[in-house]
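Let's take a friendly walk through a protein fold. Have the sequence at hand and turn the model as you read.

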Amino acid sequence: MDNREYRHNHKIDTIPDHTERHPKGYYGPNSVSAVNLKVRGLSEGENQVELGFDSSLLDYPEFHGKGSLTGIISKSGDRLTLKGEVSAEGDFDCTRCLEPFQKRVSAEIEIQFVPMRLEPNEGDPNVHTYDPVAESTVDILPDLRDALILAIPMRNLCRPDCKGLCPVCGKDRNKESCSCEQPEEVSGQWTALKGLSERLRAEEI
């Protein structure tokens with residue numbers, strides 16, 4: 001997976017390449033921080049998955065409390081496919097009014113595990129190798145972290161109809177009104193931006 005940049009709370013961070021965090025072929029219980037998925041003793045076909053984990057393991061300060069993964073892991077011989085939804089509670093700052101708020105972030109996830117004797121597609125970050133004889137669990141923490149961080153919206157709103165801050169006096173228009181007039185030199189630009197904001201707000205709803 002190529003390095004991806006994401007913007008959040010006016011800062012830019014980089015998600016490290018998957019292979020930098022976990023070398024190819026290593027998904028075991030011996031890592032310092034891990035969310036281990038059971039892969040031994042599964043029945044052929046579909047198996048239900050319900051897994052809880054400590055969100056602090058995600059190494060992203062906004063997430064806290066308990067995270068969860070629910071879904072199905074399908075077994076076909078030694079080939080495994082996990083499909084499910086991961087979610088975690090987070091503390092964020094609203095993009096419009098800058099007020100802190102809590103929100104549960106959810107993301108769909110799909111991972112395939114194949115025996116090490118079968119080389120996976122090098123360009124697919126969602127296909128991992130494992131040893132079905134030696135390993136009873138595989139670590140999916142990097143995959144959960146990537147999925148949740150990428151699911152945080154660029155425009156993270158405390159509520160869809162947030163009115164934001166007055167660009168002149170800075171008052172929170174969700175809490176109080178103001179009688180500010182827009183400066184003449186920016187009034188045309190502000191009208192255009194207001195129209196765009198209203199269209200975007202309607203799309204979010």
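The report below looks at a sheet, a helix and a nonpolar core.

This is a predicted model, in which local features need pLDDT of at least 70, side-chain atom pairs count only at pLDDT 80 or more, and totals for chains, interfaces and linings use all residues. Residues are numbered from 1 along each chain as its sequence is written, and side-chain values use heavy atoms, leaving out hydrogens and water.

Start with the sheet: five strands make an open sheet with mixed pairing, in the order S4-S5-S6-S7-S8. Strands S4 and S8 are its edges, each pairing on one side only. Here strands (E, at least two residues) and helices (H or I, at least four) are DSSP runs, numbered from the N terminus, and two strands pair if DSSP finds at least two bridges between them.

| Strand | Residues |
|---|---|
| S4 | 45–54 |
| S5 | 63–76 |
| S6 | 79–93 |
| S7 | 100–115 |
| S8 | 127–130 |

S5 and S6 run antiparallel and share 11 bridges. Look for Ser 68, which stands opposite Ser 87 in S6.

Helix H2 (residues 141–151) packs on this sheet and touches S4, S5, S6, S7 and S8; contact means heavy atoms within 4.5 Å.

Now for the core. In the largest nonpolar core, with 36 residues, Phe 63 and Ile 140 touch the most other members. Such a core is a set of buried Ala, Val, Leu, Ile, Met, Phe, Trp, Tyr and Cys residues joined through side-chain atoms within 4.5 Å, where buried means under 20% relative accessible area with a 1.4 Å probe, protein chains only. S7 gives the largest share of this core, six residues. Leaving aside residues up to four places away in sequence, the contacts of Ile 140 include Val 35, Leu 51 and Phe 113.

Definitions and conventions: Axes are lines fitted to C-alpha atoms, for helices over the stretch in contact, and angles run from 0 to 180 degrees between N-to-C directions. Buried means under 20% relative accessible area, exposed over 50%, partly exposed in between (1.4 Å probe, protein chains only).
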